Amino acid sequence: MPAMELGKDIHWVGAIDWDRRLFDELIPLPDGTTYNSYLVKGRNKIALIDTVDPTKEKVLLDNLREAGVKSIDYIITHHAEQDHSGMIPRILELYPMAKVVCTPKCKDQIGILLHVPGDRIITVADSETLDLGGRTLEFIHAQWVHWPETMLTYLREDKILFSCDFLGSHLAQSDLFATDEARVYRSAKRYYAEIMMPFRSHILKHLDRLAKYDIQMICPSHGPIYRRPAFIFEAYRDWTSEKPKKEVVLAYVSMHGSTQLLADRLVEALMRRGIAVKPFNLSRTDIGELAMELVDASTIVIGTPTVLGGAHPLAVYAAYLANALRPKTKFVSIIGSYGWGGKTVEQLAGMIGNLKVEVIEPVLIKGMPTDEDYSKIDALADAIVRKHGEAGIE
Ligand code: FEO
């Protein structure tokens, strides 16, 4: 995409990565992503807000050329992760007068990660401002969205928030803006689940702080720009709220069909009781989809056969992931089938220490389920309904 004008002397000069399918060698990107970089010109100074992933060097340099950039005074560096900072050394080389502007923690990080020399870096305090000449950048330190060195920038005169990774989405599209809000909602929720959810308490504080600003446009580092900030702020308020929804996530794997039968029975039993349930067969699922459903789920059920004396490795991975993502889930249970014994329940229950959950009596059965075993699954569904009711989850 060519450089795009967002307002007088404010340009998007980033890159669209249509083909990227994995981030951090972990997070699936079904819709690609963008690395948003912005150029803000004042009467006296020019600031580049974040750079792009080094794989998109040519795109950024072409866009700067197209935007008529002869010099850059400041590279506002919100975040040291390389998908935004990776081009800093090259920009410093091409624009010898440019200085990086970042938090003190970020200075350390880009020194370590990119070997940016300290004399090319200016550190800024929280709420400090930088005058470009008729345009004022206000820096907002925003720890743990999602690294400790992160900051955001508010462009006062134009009422634009440059929000770094915060409020973003991994979504490559030719429309620079979040025009199709339903589409962007799903991408932004997936992104929140995978990247921001572990830092929910920090996110809440930042949301409260940003509520005091008059923001007319949000320009994140990934995904479409929001011309209606209320859309993404309201979504984040919902996702970060304390109260989960009346939903069950069933993450399971089955080797020879017995755990599958239990999973099928639980899905049916919950549906009969009016509880929304989302089953994920872990041998096929996209973990981003699973993460997204964890955002609202009040109950997680892990289904696993016993193999080599414990849970199936895919079930172990699901438990590890849920524990790391720290959703607001209130209840957990385990179902599964074993042949002769093992420590499946103890193993999985011991892996979810980060979750503030009550464990509902697991259902572990021997071999292929009998009618009695199915009754136990029905009883688990009853217990989930009861627990939801007692917790006031509607
Ligand atoms: Fe998009 Fe945390 O980097």
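Author: Happy to! The largest pocket has a volume of about 370 Å³, a volume being the space filled by probe spheres set on grid points that are joined across faces, edges and corners. On a 1 Å grid over the protein atoms alone, a pocket is an open set of points where a 1.4 Å probe fits, with protein on both sides within 12 Å along at least five of seven lines; lining residues have an atom within 4 Å of a point. There are 25 lining residues here, and the closest to the centre are Leu26, Ile27, Glu194, Ile195 and Leu325.

This is a predicted model, in which local features need pLDDT of at least 70, side-chain atom pairs count only at pLDDT 80 or more, and totals for chains, interfaces and linings use all residues. Residues are numbered from 1 along each chain as its sequence is written, and side-chain values use heavy atoms, leaving out hydrogens and water.

Now, where does the lining come from? At least two residues each are supplied by β5 (27-28), α5 (181-196), α9 (287-294) and α10 (313-325); such helices (H or I, at least four residues) and strands (E, at least two) are DSSP runs, numbered from the N terminus. The largest share, 5 residues, belongs to α10. Both domain 1 (4-240) and domain 2 (245-387) give at least three residues to the lining, with bounds taken from an automatic or database domain assignment.
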